[in-house]
Amino acid sequence: MGNKYEYTGVSTSSSPSGKNKNTRRGPVEQARCILHTVYERVKGYAVFTILTVVGLFHFLYGMILLPVKVLSPTIFRHACSFVLSYSVPGFLCVPFSWCGTKLVINGLQFFEARRDENALFLANHNARIDWIIGLFMGSVVNQRVSFVTEAFIMILPIIGWFRYLVEDMFVFRSFKQDKDRMEKNIQAFHDSKCTRWVFLCPEGAIVYQHVKNQ
């Protein structure tokens with residue numbers, strides 16, 4: 001019957017005594033499992049492809065606006081905020097509308113009270129989609145969102161390049177290197193009178209559940 005890492009039509013279930021026993025799947029159930037696996041993989045590839053295409057459009061918007069930054073950084077930042085107010089909801093449509101992602105918000109009035117204001121939000125880094133949740137929170141009240149994130153993110157194709165164009169704060173985990181660059185970034189937005197929310201995960205790494213339980 002092969003080992004447990006091979007697909008042989010044998011599944012493992014628990015008996016009333018607590019011991020596992022092997023039960024052979026019928027051909028209909030095997031076919032159903034294979035179709036479900038194929039469906040989930042195709043769905044995953046399709047969603048990832050769509051997100052990549054939408055991210056590419058975001059990047060192209062930034063490239064079109066880039067010459068404006070040379071002439072006037074202030075106009076560039078406000079133009080980016082305007083473009084983001086329309087493009088980010090389109091990006092979020094894929095995970096939230098098409099994939100059915102649900103987000104429970106407690107204290108929405110806290111976020112609404114900071115509409116059109118600069119704000120710093122501290123959060124635990126619970127998953128690799130935290131940045132999507134941050135974007136969603138900003139889109140709820142039509143507020144621009146930036147992130148403090150690791151420097152290697154800015155070299156990631158498309159998404160990383162775009163976040164670099166919209167002036168996220170990229171850090172090298174060395175305060176001596178990061179301090180001046182972060183201060184200049186913050187001051188530039190203040191000088192431009194361009195408001196935004198900045199999301200920061202202080203622990204700087206994903207806090208997995210098994211680590212929390214230790």
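This is a predicted model: local features need pLDDT of at least 70, side-chain atom pairs count only at pLDDT 80 or more; totals for chains, interfaces and linings use all residues.
Residues are numbered from 1 along each chain as its sequence is written. Local features need pLDDT of at least 70 and side-chain atom pairs count only at pLDDT 80 or more, while totals for chains, interfaces and linings use all residues, and side-chain values use heavy atoms, without hydrogens and water.

Helix α4 spans residues 130-140, helices being DSSP runs of H or I with at least four residues and strands runs of E with at least two, numbered from the N terminus. Its buried residues are D130, I132, G134, L135, M137 and G138, where buried means under 20% relative accessible area, exposed over 50% and partly exposed in between (1.4 Å probe, protein chains only). Among the elements that cover them are α2 (73-98) and β4 (145-150).

In the contact of α2 with α4, V88, F91, L92, P95 and F96 meet W131, I132, L135, F136 and S139, contact meaning heavy atoms within 4.5 Å. By class, this contact has nine nonpolar, one polar and no charged residues, with Ala, Val, Leu, Ile, Met, Phe, Trp, Tyr, Cys and Pro counted as nonpolar, Asp, Glu, Lys and Arg as charged, and the others, Gly among them, as polar.

The structure also holds twelve aromatic pairs, in which ring centres of Phe, Tyr and Trp (its six-membered ring) lie within 6.5 Å, with planes under 30 degrees apart stacked, over 60 edge-to-face and the rest tilted. F59 and W161 form a tilted pair, 5.5 Å centre to centre with 50 degrees between the planes. Because F59 lies in α1 and W161 in α5, this pair ties together parts 102 residues apart in sequence.
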